[in-house]
Amino acid sequence: MARLNIYGNIILTFEYEPYKDIYWTKLSENIIEKYGEGVFEENSIVESILLDSFQFLVNEFRSLIQEENTYSFFSYVFFLHEQSLKFLVKTRDGYPFGAVNEDDFSLYRRILKLTLEQGCDIDLSWGYFPTGKQILDFDEKIQRLYYLGQWIYTYADIIAYQKMIDNANLVDFDAEHQIGAAWQKHYGKVYDELFPQLKSDYSNSVYDESAVVDLKNAINTCFSIDYDLAVGLIFQIKEQFSKLEWQTIEPNVLPINLAYNCNIDNPIAETFYNGLSLSRLNKLSLEEAILKPYSTKRYMYRPILIYKIDNVDRALVGEGKVAESLYVLANNAISWNTIPEDWTANKCMVKFMSKKGNEHDKILEDDVEQVLLKHGFKYCRNIKSFKRPNTHNLNIDNQLAGEIDFIIINEESRKIFVVDSKYNKARYEAVGYRTDYTNFIKSYERQLKRKIDWVSGNKEILQEHIKIMYNVADYEITEYDVEGLFFINTPTFYMFNGEYKAIPKNKIEVYLIGDYTLPVIEYQNHKGEKVQVQHPYFK
């Protein structure tokens, strides 16, 4: 382990070997005792072993945290998390990561958050901010938590893939009787080829540039407060006791002061702060926190941690965390019809959430429309009815098909694209991908098929509509092929394994003009034969 000081910020880095002999050997022995030692390929048995492994790792993680009964450990973890935020801001301003591995750093921050959340469950005594040997002891414990946390998240993702793909993985043991999991069939080759390409898809997604400002304005209006004042009060009150980052305050003083300063009723002020608070009353269990990473009952969204110290509620709040939580609430919750549950009692905030939710598809669709105009495609957008000569319009916003986001005609390739746009939430792990995948398989595919079938059976009606909309007398598309597509904002696993192609924002233009096709993956099977795998890849 190394303790790095980069740009004035303390960052811990990690090593793994010392903990493999402790935890991986114990896990392997646990699984062998229950299932025996061998190669397991059958889907249900593999899933059962993976789930037991996940639970074993979670239990070990939880036991380490529950050993702590003073505020000292959690104040130190809080300090490290605030340091990580300051470092992260500097990297976003152009500073290099230097000796810090970017992927490891992201996981490090997740595990610090996870640890701080679970501290809410423990009845703590005060203790002291650690110095000397105690810091070294805490660093060693954080090393253990990192090791376990890495494997908890890894196994959560393996399980998610196992649930999305039939017989995705096998479980086996090496010569030292250590458990391992590996892809079956061609899946490992496909994963290694395709998933590194997602980086550019993430970096080119569209987002709501006014999201943070809009959220602050809505909070000001709906709660009749000044957001900056409400946040500033936290740190003004902290400074009355000390300037230490880990200084706590009594949470009940916040709504009292806000109500006084903004001339509002105390329950309104309480609702505001409750929506930003995480305590033992509303936090997720450790298992839920891993498997529901986008729940608003997470420290990511709620920057006010409520700890029970000497049987008194104390609020722990960091300036960096408040800014981070506002950003993620605005950009990864509100636009998907999600706000902190406490705020749903405020009808004005619910209305704002609904408004943003209705608007977010338009962000992606506006970008798509610019591509269509640039290349001169004939198209229909958000079409609910078709114009017909000498008669009434034909309404399809019903059981016939439903509103169609785009119908795009490529005259060169003689194709009609029937498109549903999905401004999907950015997700970076298989647990999140599985949520998307379920939505696509159980809902979106069925909806798109209905639209494809209607257009395929009614090309003449579409043809007449295009003639009227574009004022052309002679136009023939009845022999064109019809292809259903999803346009998506950010990449997700469904891209690789869905019935229909899902094209991320940065590839929409090249796909429509025919300059991009989904890759064909070549691999060597167990017989030594070269086999080509095409979309869908994990079948």
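These legends go with close-up views of a predicted model.

**View 1. An edge-to-face pair, Tyr-71 with Tyr-307.** The whole structure holds 51 aromatic pairs, and this view picks out one of them, formed by Tyr-71 and Tyr-307. Their ring centres sit 6.4 Å apart, with 70° between the planes. The pair ties together distant parts of the chain: Tyr-71 belongs to helix H3 (residues 71–92) and Tyr-307 to strand S7 (residues 304–309), 236 residues apart. Both Tyr-71 and Tyr-307 are buried.

**View 2. A stacked pair, Tyr-191 with Phe-195.** Here the centres are 4.2 Å apart and the planes make an angle of 25°. That angle counts as stacked because the cut-off for stacking is under 30 degrees.

**View 3. Lysines over tyrosine rings.** Have a look at Lys-321, which lies over the face of Tyr-299, 5.0 Å from the ring centre. The other example shown is Lys-378, whose charged end sits over the ring of Tyr-470 at 5.7 Å from its centre.

**View 4. The largest nonpolar core, with 72 residues.** Which members touch the most others? They are Phe-61, Leu-80, Tyr-108, Ile-179 and Tyr-307, and Tyr-307 is also the strand S7 partner from View 1. Helix H5 (residues 133–164) is the top contributor to this core, giving 13 residues. Zoom in on Leu-80 and, setting aside neighbours within four places in sequence, you'll find it in contact with Ile-10, Leu-12, Tyr-108, Leu-112 and Ile-142.

**View 5. A second, separate core.**

View 6. Which elements give two or more residues to the lining? Helix H14 (347–375), strand S13 (415–422) and helix H15 (430–457) do. H15 supplies the largest share, with seven residues.

Terms used:
Residues numbered from 1 in each chain as written. Predicted model: local features only at pLDDT ≥ 70, side-chain atom pairs only at ≥ 80, totals over all residues. Heavy atoms only, no water. Phe/Tyr/Trp six-rings, centres within 6.5 Å; stacked < 30°, edge-to-face > 60°. Helix = DSSP H or I, 4+ residues; strand = E, 2+ residues; numbered from the N terminus. Buried < 20%, exposed > 50% of the residue type's maximum accessible area, 1.4 Å probe, protein only. Lys NZ or Arg CZ within 6 Å of the ring centre and 35° of its normal. Core = buried A, V, L, I, M, F, W, Y, C linked by side-chain atoms within 4.5 Å. Contact = heavy atoms within 4.5 Å.
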